[in-house]
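Good morning, and thank you for coming.

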Amino acid sequence: MSDDQSLPPELRDAYEVLASGAAQILPTGGLTERLLTAHREKRPLRVKLGIDPSGSDLTLGHAVVLRKLRQFQDFGHIAVLVVGGFTGQVGDPSGRTATRAAQSVDQVIANAKGYFDQVMRILDPEHTEVVNNADWLGTMRLAEMLDYTRQITVAQLLERDDFSRRFAAKQPITLSEFFYPLLQGIDSVEIHADIELGGTDQTFNNLVGRELQRSRGQAPQAVLTVPLLVGTDGVEKMGKSLDNYIAIGDSADEQFGKVMSIPDSLVGMYARLCTTMHPRDVDEIEKAVASGGPAANAAKRRVAREIVTLYHDADAARAAEAGFDARFKPGGTVDDAPPFPLGPDSPVHLPALMAAAGLAASSSAARRLIDEGAVRLDGARLDPKRYDVERADLVGAILAVGKRRAVRLTDG
């Protein structure tokens with residue numbers, strides 16, 4: 001019997017939506033138990049998300065966890081954003097191979113400017129609380145902090161992958177970094193969190209919160225993590241450094257075109273993690289993509305429209321789709337592809353060329369795109385493993401990845 005079957009009928013749809021796309025829900029049955037508790041006590045859940053206001057433009061990758069938080073709000077629950085006014089001065093060590101530089105209080109505050117404008121394009125301000133953990137961590141007495149430290153051991157901390165790797169490599173780990181999961185857990189105690197959201201790299205930190213809440217007589221929070229979004233190259237995690245990102249502040253045309261450039265294998269992931277589509281609709285999208293041909297193209301277009309509508313509106317989405325269609329020839333090549341000069345060597349190694357031209361994040365990513373059939377030369381799909389082409393055959397040709405990224409190859 002699935003976990004949601006123990007819920008009354010009026011809560012099953014909420015469970016289906018909230019659990020969809022989750023990487024993990026801990027403990028097993030934790031989400032069900034929290035939903036039942038809120039229903040029984042006739043109150044909203046307090047759903048916690050710790051945020052690091054970097055000040056940079058948010059991407060769809062950043063927005064995945066915010067979209068999940070908005071889903072909780074849509075079912076009547078409260079989003080509690082914990083700004084790291086104190087912990088930002090420590091620096092989250094998650095996933096790092098070296099000590100992270102600490103920020104000053106002024107830096108943390110300055111970075112928050114502009115960040116919340118983007119966040120509130122996703123969240124419902126009427127159901128959002130924003131708190132600063134400097135309000136309690138900055139005034140906590142040393143004796144109280146030491147009492148919390150008794151709830152977690154150094155051996156537990158060294159079980160974390162990032163700490164264990166650094167310890168084995170004899171790389172320094174500061175005591176303040178060991179304190180970070182503890183401080184994040186204290187946040188859960190202070191705000192009485194029912195559920196904490198985070199990326200998969202935050203699982204350990206979030207579970208510490210459960211232990212600290214239990215030690216203070218609180219019901220321990222459930223933990224729901226979301227996966228990392230793969231970028232438009234279909235290979236790496238979405239990130240600005242790889243130029244494989246879609247920003248929530250991008251124009252409607254940019255957003256639509258970038259979504260149309262993703263490999264078909266990612267369409268279901270984007271539908272599930274980046275849109276407001278119901279899980280059952282996402283299932284249909286995945287079936288359409290698997291069938292290939294026109295149905296797969298229609299499914300990708302729907303996902304692109306859904307994303308543009310979220311950050312602009314439905315009219316902008318329709319206009320972006322029409323503009324996208326106007327820019328492409330029937331054969332799938334781009335009319336206004338920018339020029340890119342060929343080097344003198346022949347044959348030309350296409351993976352290296354694609355990386356240099358910005359059509360792929362790396363040569364290895366380019367080889368994968370070729371093997372997946374996502375690369376066309378003058379409208380003709382390149383055969384898998386065809387990595388080298390005579391220079392004479394490339395001069396004047398259009399090299400395209402998907403239906404958006406393309407260059408016109410020129411003679412030096």
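Let us begin with arginine 302, which forms a salt bridge with glutamate 306; the closest N and O atoms of this pair are 3.7 Å apart. Please bear in mind that this is a predicted model. Both residues belong to helix 15, which covers residues 293–311, and they are 4 residues apart, about one turn of the helix. How exposed are the two partners? Arginine 302 has a relative accessibility of 31% and therefore counts as partly exposed. Glutamate 306, with a relative accessible area of 23%, is partly exposed.

I turn now to helix 14. Here glutamate 284 forms a salt bridge with lysine 287, with 3.5 Å between the closest N and O atoms. Both residues lie in helix 14, 3 residues apart, again about one turn of the helix. Glutamate 284 is partly exposed, because its relative accessibility is 47%, and the cut-off for exposed is over 50%. Lysine 287 has a relative accessible area of 55%, so this residue is exposed.

Helix 14 also takes part in another pairing. Aspartate 283 forms a salt bridge with arginine 272, and their closest N and O atoms are 3.0 Å apart. This pair links distant parts of the chain: aspartate 283 is in helix 14, residues 279–291, while arginine 272 is in helix 13, and the two are 11 residues apart. Aspartate 283 counts as partly exposed at 33% relative accessibility. Arginine 272 is partly exposed as well, with a relative accessible area of 21%.

How many salt bridges does the structure hold altogether? The total is 27. Some are joined together: Glu33, Arg34, Glu41, Arg43 and Asp194 are linked in a network of salt bridges.

A search of the whole structure finds 1 cavity of 30 Å³ or more. The largest cavity holds about 50 Å³ of space. Which residues line the largest cavity? They are Val64, Arg67, Lys68, Gln71, Val226, Arg272, Leu273 and Thr275. The elements giving two or more residues to this lining are helix 3, residues 60–74, and helix 13, residues 267–274. Helix 3 provides the largest share, with 4 residues. By class, the lining has 3 nonpolar, 2 polar and 3 charged residues.

Note on methods: Residues are numbered from 1 along each chain as its sequence is written. This is a predicted model: local features need pLDDT of at least 70, side-chain atom pairs count only at pLDDT 80 or more; totals for chains, interfaces and linings use all residues. Side-chain values use heavy atoms; hydrogens and water are left out. On a 1 Å grid over the protein atoms alone, a cavity is a set of points where a 1.4 Å probe fits but cannot get out, and a pocket is an open set with protein on both sides within 12 Å along at least five of seven lines; lining residues have an atom within 4 Å of a point. Grid points are joined across faces, edges and corners, and a volume is the space filled by probe spheres set on the points. Ala, Val, Leu, Ile, Met, Phe, Trp, Tyr, Cys and Pro count as nonpolar, Asp, Glu, Lys and Arg as charged, and the others, Gly among them, as polar. A salt bridge is a side-chain nitrogen of Lys or Arg within 4 Å of a carboxyl oxygen of Asp or Glu. Buried means under 20% relative accessible area, exposed over 50%, partly exposed in between (1.4 Å probe, protein chains only).
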